[in-house]
Amino acid sequence: METIDFRLRTGESFIPLIALLKAVNVVESGSMAQQVVTDGLVCRNGQTEWRKRAKIVSGDTIRFAHFLINVL
């Protein structure tokens, strides 16, 4: 599993899930990001996350395919 550390921008308290998937380049497009969430392929803190625009905050971990994304 490949681990990716993602740091929120200064002044931001969250990033929408599909924006995070695009920002760390684990999907090729926004539509692909939406599809993998709809298909139940993304886990947030160990639980399947079905909300495309879920607010991902510092301390969350996202698992998709062979990626583990740590949000800092």
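I searched the whole structure and found four salt bridges (a side-chain nitrogen of Lys or Arg within 4 Å of a carboxyl oxygen of Asp or Glu). The model is predicted, so I note that local features need pLDDT of at least 70, side-chain atom pairs count only at pLDDT 80 or more, and totals for chains, interfaces and linings use all residues. Residues are numbered from 1 along each chain as its sequence is written, and side-chain values use heavy atoms, with hydrogens and water left out.

I looked up arginine 44 next. Aspartate 60 forms a salt bridge with arginine 44, with the closest N and O atoms 2.9 Å apart. Aspartate 60 lies in the loop between β5 (55-56) and β6, and arginine 44 in strand β3, 16 residues apart. Arginine 44 also meets glutamate 49 in a salt bridge (3.4 Å, N to O). I noted a salt-bridge network of Arg44, Glu49, Arg51 and Asp60.

I then checked burial (buried is under 20% relative accessible area, exposed over 50%, partly exposed in between; 1.4 Å probe, protein chains only). Aspartate 60 is buried at 7%, and arginine 44 is buried at 16%.

For the sheet, I read five strands in the order β1-β7-β6-β3-β4, open and mixed in pairing. Strands are DSSP runs of E, at least two residues, and helices are runs of H or I, at least four, numbered from the N terminus; two strands pair if DSSP finds at least two bridges between them. β3 (residues 42-44) and β6 (residues 61-64) pair antiparallel over three bridges. Arginine 44 has isoleucine 62 as its bridge partner in β6.
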